[in-house]
Amino acid sequence: PPQKCSFAMAASQALADAQRVGAPADPYNNPVDLYRDQISRDLAPLTGKPAGDIFDRLAYTQTLDKGDLNLPVPALRIQGKKPNEQAAELAEKYPDNPALEKPTANGPILQFFFKSEPLVRLVIPSILQKKQHYGNNYTLGLKDPSDPSKGAKTIIVEFSSPNIAKPFHAGHLRSTIIGGFLANLHEAAGWKVIRMNYLGDWGRQFGLLANAFETYGSEEKLKQDPIGHLFDIYVAINKVSGPEEDEIKTKQEQLKQLEERKEDTATLATEIAALQAKSTNEKARQYFKRLENGDEKALAVWRRFRDLSISRYEKTYARLNIHYDVYSGESQVEMWRLDRACNELEQSGLSEESKGAIIVDLTKNKDKNVKKLGKTLVKKSDGSSLYLTRDLGEAVKRDELYHFDKMIYVISSQQDVHVNQMFKILELMGRKEISDKCVLVNFGMVLGMSTRKGTVKFLDDILRDVGDEMHGVMKKNDKKYSQVENPEQTADTLGISAVMVQDMKGKRINNYEFSLEQMCSFEGDTGPYLQYAHARLCSITRKAALTAEEINSADLSLLKESHAINLVRVLASWPDMVQQTLKTLEPTTVLTYLFKMTHMLSSSYDVLQVVGSEPELKKARMALYEAARQVLHNGMKMLGLNPVERM
Ligand code: ARG
């Protein structure tokens, strides 16, 4: 008779066993860990190695034909025979087990296949019971896995970080998408996540902007569309200050020539000084000085720009399911923190004076990799601070404020040098305990991103264009289009999925071409394809019209076809994929998994029909599809997508 073994029993047994052998995982959250646990305990006496070591080396496989788990025998470093012989011997000696087929040796690799019936009985009920939590493993983020009362680790994910009054460019788009995903990923692993936006909200451009507002500003427009309006007046004032600066530059060149020819420079010099004094840029500088000196009136203007921009940003981020816990920014690093950072640099002998400014010269370092980071300014000769110095001050501030265990910066690879300088300088200035906790998650460029209406001003422009494109694609199918309740909103959701999936499909570091047509297609590995897969599963559920009770009481032993079994094998590996993604920090790890799963689904529909099948078979298959839908849903949510039910 088949073993009587409910999922809960198997899980609690495995958990107890895992604790006994000190296995670093919670099998209740990850069905594959149940097998790891079993295998490592079986192999420990055969190999003479601790079960924990074996557990860690049992890797998931790329394709199902290679088994469900692989053990590279050489990794165990067993003395004596050749690895191939060892693998063959271990396969031979492996004891019979109700949950596992006899392992096979493929060269030095031991391949394990899960027996299908127990697997199906373990996995499907687990998914149906855990629902949106399936795949999450809240124990991974614990400070101390053996003592949950010590609480979770804290991670700061800094992402998006646009500059007020400047265009929201592709780098910000990618940072937003990838950062949102990384935050969700860590939340699923039980970390306490702080989502942080580090705005470009400080610098002389705010002096420029405040003055521009006096000349070109409109209260009404500012309230209506703060981001657009600030951008417009910023462009307008740059049109004035640009030519002014050009003129000054030309005159300065002339002055140089006069000097070289040893001719009289006095008149020209006075003229230049006068031009500079009344220039737009100088006025901006003065205004910014007021800001830096804490002039309340000036600050009030700046604060309004910032607050209004943030509320507008929030609306757009909400469309992407993103909410921030903290809007930090370059403005938020207090003067005393900058001074403190400069003092620490000086005391550690890292900084030096150079032409009135303060620099850090890393080329003097002995380490080749540090040398490469070059020289960098930390304080200008007029005493004003810099991007890098603010980042140093801000990192220490975040540590003091949030006591984070880890901090991820999601920033374009164009700023690799900046970030690596920042991390290294933090370390060398005596803040190694902070720099050790910092991680850069970088990414490549988006090529050819522009909206139909010209340059990209804000994320909304991109989303509007993609939504329009998607609406066009949907309209091509008259029949379906007429059934969609709210086509505009659906087009919007699909458009957002299209952009996000295109962005996360490849390895982060790769550049990609922004192609409206490609990303909006239903063919190929696109956002709309994933959405379609989800909507199709929802449609099957609607047509089958079974109650939750009927589905939960299904006789799962009826799922015998290889299509069904293979699908379950893939569903079983979802929590393992999440764990793997925590190592790669690559959204493509999740997307590749979801595409593999949805491709299998597409080829299953003809073989595993629900409607029209015998009642019992119908229930069993529906349980399988519902489990698949749940996993697809969980994966999409983690990526930041909104799964649609109809389209
Ligand atoms: N605002 C910056 C930019 O648009 C990105 C900020 C990245 N974060 C940081 N801590 N430096 O280029």
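**Entry 1: the shell around the ligand**

I sorted the residues of the shell around the ligand by type: 4 are nonpolar, 5 polar and 2 charged. I note here that the model is predicted.

Next I listed the names. On the list are Glu158, Ser161, Asn163, His172 and Tyr198, then Tyr387, Asp391, Tyr409, Ile411, Gln415 and His418.

I looked up distances to the ligand's nitrogen and oxygen atoms. A polar backbone atom of Ser161 is 3.0 Å from a ligand nitrogen. Tyr387 uses its side chain: a polar atom there lies 2.8 Å from a nitrogen atom of the ligand. For Gln415, I read 2.8 Å between a side-chain N or O atom and an oxygen atom of the ligand.

The ligand taken alone exposes 350 Å², and the protein buries 91% of that.

**Entry 2: the pocket**

Where does the ligand sit? I traced its space to the largest pocket. I put the space in that pocket at about 990 Å³.

I counted the lining next. The largest pocket has 44 lining residues. Nearest its centre are Trp202, Gly203, Glu330, Tyr387 and Arg390. Tyr387 is also on my list of residues around the ligand.

The helices are H6 (170-188), H7 (204-216), H11 (280-292), H13 (335-347) and H15. The strands are E6 (192-199), E10 (375-379) and E11.

Last, I sorted the lining by type. I logged 13 nonpolar, 18 polar and 13 charged residues.

Terms used: Residues numbered from 1 in each chain as written. Predicted model: local features only at pLDDT ≥ 70, side-chain atom pairs only at ≥ 80, totals over all residues. Heavy atoms only, no water. Near = heavy atom within 4 Å. Polar contact = N/O pair within 3.5 Å; in protein donor to acceptor, adjacent residues only side chain to side chain. Areas by Shrake-Rupley, 256 points an atom, 1.4 Å probe, with all protein chains shown as cover. 1 Å grid on protein atoms, 1.4 Å probe; cavity = no way out; pocket = protein on both sides within 12 Å on 5 of 7 lines; lining within 4 Å. Sits in = over half its atoms within 2 Å of the grid points. Nonpolar A, V, L, I, M, F, W, Y, C, P; charged D, E, K, R; others polar. Points joined across faces, edges and corners; volume = space filled by probe spheres on them. Helix = DSSP H or I, 4+ residues; strand = E, 2+ residues; numbered from the N terminus.
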